[in-house]
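Here is a short briefing on a single-chain model. Keep the structure open while reading. The points are grouped by topic.

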Amino acid sequence: MTTDHYRRFLAYGRRYVWPTFVLALLFNVGYGASTGVVPLLIRYLFDDVLPAGDRQRLYLAPVVIVLVIAVRALCQFLGSYLTETVGQSITADLRGELAQRVLDLPQSYINRHPSTVLVSRVLTDVTLAKTGIVDGVSTVLKDGITLAALVVVAFYQDWLLSLIAFFLFPLGVWPVLRTAKKVRRHSRQGQTRLAQLAAYLQESLLGARVVKIFGMQAYELERFQRENRSVRHQALRTTRAKLINQPLMELLGAVGFCAVLVYGGEAVMGGSRTTGSFFAFLTSLYLCYAPFKGLGKANATLQQGVAAAEELFAILDTPADPVEAAAPQSLQALHQGLRAEAVEFGYDPGDPVIRGLDLVIPRGSTVALVGPSGGGKSTIIDLFCRFYDPSAGRISIDGIDLRDLSLASLRRLIALVDQNTFLFNDTIANNIAYGQGSEGRVSRAAIEAAARAANAHGFIRELPEGYDTLIGENGTLLSGGQRQRLAIARALIKNAPILFLDEATSALDSASEQVVQEALDRLMANRTTLVVAHRLSTVVNADRIVVIEAGRVLESGRHEELLARGGLYADLVSTQFATAVAAPPA
Ligand SMILES: Nc1ncnc2c1ncn2[C@@H]1O[C@H](COP(=O)(O)OP(=O)(O)OP(=O)(O)O)[C@@H](O)[C@H]1O
Ligand SMILES: [Mg+2]
């Protein structure tokens, strides 16, 4: 399982193997080799140069040593830099792939995973996976090669001493492997907590007005601090598991070193070994220490990276829903209309929201959905947009099942003005032109025309920078009515044959209502419209009114017919629309 994730992550590096990674490898070999040369030089100095009293070679030796160290430093720089290049490239690729996946994550997945948590997870996990896996591999390479070179040199000097010294090394590896699993588990928990922390902070900002009016700053802070404390706790646990390796290894290293010291010193005194070879041997042991320590640490870093990679792959592997048909059809225009037949749907299995819904929307007509809150009106629109697939029944456009239609083609036919208008933190012009290709594809004149038709031109012109005014996150710098009119302009410019309109429930005052209503009338003209109506004016003008209750059609007909029936619609009109009836729309 773990090795699979590990392999899968490394597969992203395939594109960078040649030449970057190969060069990185070569420089690492150069680094290892030049490290291995140092003890050999020392031995030569002690055993050959000093006894011969050769001053010329004595002064040459330091020059050679400095040169070797310089080569080693260069190899280290280039090797590490190239490895990092590969790491950053893999990271960028992975971030790109994740962004692409996030853009078409199933609605059902988005509903269940808070966006704030998702965002911070993706960003921190990518970094952790990169640090863990790439740095882990790079250390294994650099330190592994260096260690191999030094071990060869040490054995070449004295195989018996080497055996004594290196017998203790494998003992040091054992606790390292044992802690690996712990590190992975703690690290994963820590990441989840950290994401939660980011989510709290972001929610406090998004909901700043609610927090303030309810005086909940202290509560929010406490909620944050509780998580904050567990992040600290979790991080320390990870660190403890990681840190326990190092002292253990150091201790074992010291024992090995002392054993070598006594045994080797005895040999030098007994004359069976030269001082030079003993010194050289000690130097190789000393040089072994850093890469050995590095390898021990690398394992923990790797585990952390693998844990993060696991989370990322879980997002990447989220199955598509709805699934695009194998050979999807494409529709250029609407000829007959829309239809729902015996549609069943629920957000959660066993909890139906839409039950046996039949609905026909002939081309060019306006059908209004009314009914009690929570009855499923917005859900019906979502089903027609194919944000979800029905669990039974069939939804079709011009007789073609939505499931056989390409998603892009379906959505080209639809303009949607939502119950909660979403606007981007961009200029007014770009918000209106959203979806009309990259900037510049739509002329300023077309944008203005749409704004005029949406009764938005007036207020836009009065803004300090007109159409270039930035409107803030989700349009916070605008009023509710202004936001709605921008959404209408955005739908107008799309000029799609089908319009889904989920009217905002929040009542506007009658002056703004009229301004918005005018804009809506222009938007609905010559389109096939399904409108969730909260305004009597919209309802009265509809070709057909469908009353939805508990996910099914309760009654349907024209305004007068339904009033005469004295059913739920008549009740709704007398209560919900009471104020509007008292002052009938113009
Ligand atoms: N994303 C969701 N996940 C789970 N349940 C949901 C989701 N969205 C809506 N529901 C549930 O589905 C039911 C229908 O909701 P829907 O939004 O379609 O009602 P509505 O008729 O549009 O109501 P309103 O008039 O208040 O806008 C409700 O019981 C609601 O709790
Ligand atoms: Mg709704």
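Two strands count as paired if DSSP finds at least two bridges between them. The model is a predicted one. The chain has 21 helices and ten strands.

**Overall shape**

- The chain has a radius of gyration of 35 Å, whereas a compact globule of 586 residues would have one near 25 Å.
- Along the principal axes, the C-alpha atoms fill a box of roughly 120 × 55 × 50 Å.
- Of the 586 residues in the chain, 34% are buried.
- Among contacts with a separation of 6 or more, 81% link residues 24 or more positions apart.

**Domains**

- The domain assignment gives domain 1 as 12–316.
- Domain 2 is assigned in two segments, 330–413 and 529–586.
- The centres of domain 1 and domain 2, taken over C-alpha atoms, are separated by 60 Å.

**Ligand 1**

- The residues around ligand 1 include Ser373, Gly374, Gly375, Gly376, Lys377, Ser378 and Thr379.
- Asn111, Tyr347, Val353 and Gln419 are also among the residues around ligand 1.
- Helix α11 (residues 377–384) gives the largest share of this shell, with three residues.
- By class, the shell has eight polar residues, two nonpolar residues and one charged residue.

**The open four-stranded sheet**

- Four strands form an open sheet in the order β2-β1-β4-β5, and the pairing is antiparallel.
- β2 and β5 (400–401) are the edge strands; each has a single partner strand, so one side of each lacks a neighbour in the sheet.
- Strand β1 (residues 337–345) and strand β2 (residues 354–362) run antiparallel and are joined by six bridges.
- In this pair, Gly337 stands opposite Pro362 in β2, and Arg339 stands opposite Val360 in β2.
- β1 also pairs with strand β4 (residues 392–397), in the antiparallel sense, over five bridges.
- Here Glu341 stands opposite Arg394 in β4.

**Pairing around β9**

- Strand β3 (residues 366–370) pairs with β9 in the parallel sense, over four bridges.
- In that pair, Leu369 stands opposite Val546 in β9.
- β9 and β10 form a hairpin with two residues between them.
- Ala550 lies in the hairpin turn and has a positive phi of about 50°.

**Backbone points to check**

- The peptide bond from Trp18 to Pro19 is cis, with omega near -5°.
- Pro19 sits in helix α2 (residues 17–52).
- A cis peptide bond also runs from Asp321 to Pro322, with omega near 0°.
- Pro322 is in the loop between α10 (275–316) and β1.
- Asp398 is a residue other than glycine with a positive phi, near 50°.
- Asp398 lies in the loop between β4 and β5.
- Asp398 counts as partly exposed because it has 16 C-beta neighbours inside 10 Å.
- Asn526, likewise not a glycine, has a positive phi near 60°.
- Asn526 lies in the loop between α17 (510–524) and β8 (528–532).
- Asn526 has 11 C-beta neighbours inside 10 Å, so it counts as exposed.

**Arg8**

- Arg8 belongs to helix α1 (residues 2–11).
- Arg8 counts as partly exposed because it has 14 C-beta neighbours inside 10 Å.
- Arg8 and Arg223 are 215 residues apart in sequence.
- In space, C-alpha to C-alpha, Arg8 and Arg223 are 37 Å apart.

Terms used: Residues are numbered from 1 along each chain as its sequence is written. Chains are lettered from A and ligands numbered from 1 in the order in which they are written. This is a predicted model: local features need pLDDT of at least 70, side-chain atom pairs count only at pLDDT 80 or more; totals for chains, interfaces and linings use all residues. A residue is near a molecule or strand if its C-beta atom, placed from the backbone, lies within 6 Å of it. Ala, Val, Leu, Ile, Met, Phe, Trp, Tyr, Cys and Pro count as nonpolar, Asp, Glu, Lys and Arg as charged, and the others, Gly among them, as polar. Domain bounds come from an automatic or database domain assignment. The radius of gyration is taken over C-alpha atoms; the globule rule is 2.2 Å times the number of residues to the power 0.38. A residue is buried if 20 or more other C-beta atoms lie within 10 Å of its own, exposed if 12 or fewer, and partly exposed in between; C-beta atoms are placed from the backbone. Two residues are in contact if their C-beta atoms, placed from the backbone, lie within 7 Å.
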